[in-house]
Amino acid sequence: MPGDYRSTAQDATVFTMNIVSDRTAQMSIVDMRAVNVVCQASTAQTVVDFAPDSQGEYEGVSFDLAADKPVPYMSDSDEPEKYGRRYFNERKIDLGGGMSPGGLRVEALVEDKSCAWEIEATYHDSTEEGGGTLILNDGGKPFFAEARPRNPAQYWMYISAPLPTQPFPCHRAPTVSSCPDRY
């Protein structure tokens, strides 16, 4: 991401978010930002490293939860030259009025903390009020992004050979070259 982008590795939680409206009037989400961000030390005991799968037809956004006032940046698009730009400077999400649901692949970047958070979405619509804001979360609970613990009890790494891909216990064989230096 631009500006205060950190070149060091960060942990991320990734999920697909489908945004649905049953309104008869069309509405457009025109902005989002992370709100109610509460972070603490990681409580995870196990790390599993594996290469991500292809995400299909969803555009991706990244929220850097360590940033002041986190906003979504493009992280996956049909137009690679737009990576790192603010998502809602380039896009909007149209809903309601019989339109198909909107969807995003959301990546929540955390440094060394685990964070609970929600998304505040700003929308415009064709009603008399003209729009407003709403809070998006995980079924009434905040989203949760878990950071990698500093010294996990177990560290599993998926390696590609021999096929099929198998998990390898780096915590039991820390000197194997494909395992991170910390094990």
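What percentage of the 183 residues in the chain is buried? Buried residues, meaning those under 20% relative accessible area with a 1.4 Å probe and protein chains only as cover, make up 37% of the chain. The model is predicted, so local features need pLDDT of at least 70 and side-chain atom pairs count only at pLDDT 80 or more, while totals for chains, interfaces and linings use all residues. Residues are numbered from 1 along each chain as its sequence is written, and side-chain values use heavy atoms, with hydrogens and water left out.

The chain holds one helix and 12 strands; these are DSSP runs numbered from the N terminus, with helices being H or I of at least four residues and strands E of at least two. Read from the N terminus, the elements follow the order β-β-β-β-β-α-β-β-β-β-β-β-β.

Four strands form an open sheet of mixed pairing, in the order E1-E7-E4-E5, where two strands pair if DSSP finds at least two bridges between them. Because strand E1 (11–19) and strand E5 (73–76) lie at the edges with a single partner strand each, one side of each has no neighbour in the sheet. On average, neighbouring strands here are turned by 35° against each other, direction ignored, with axes fitted as lines to C-alpha atoms. Nine bridges join E1 to strand E7 (residues 102–110) in the antiparallel sense, and Thr-13 has Ala-108 in E7 as its bridge partner.

Terms used. Axes fitted to C-alpha atoms, helices over the stretch in contact; angles between N-to-C directions. Buried < 20%, exposed > 50% of the residue type's maximum accessible area, 1.4 Å probe, protein only.
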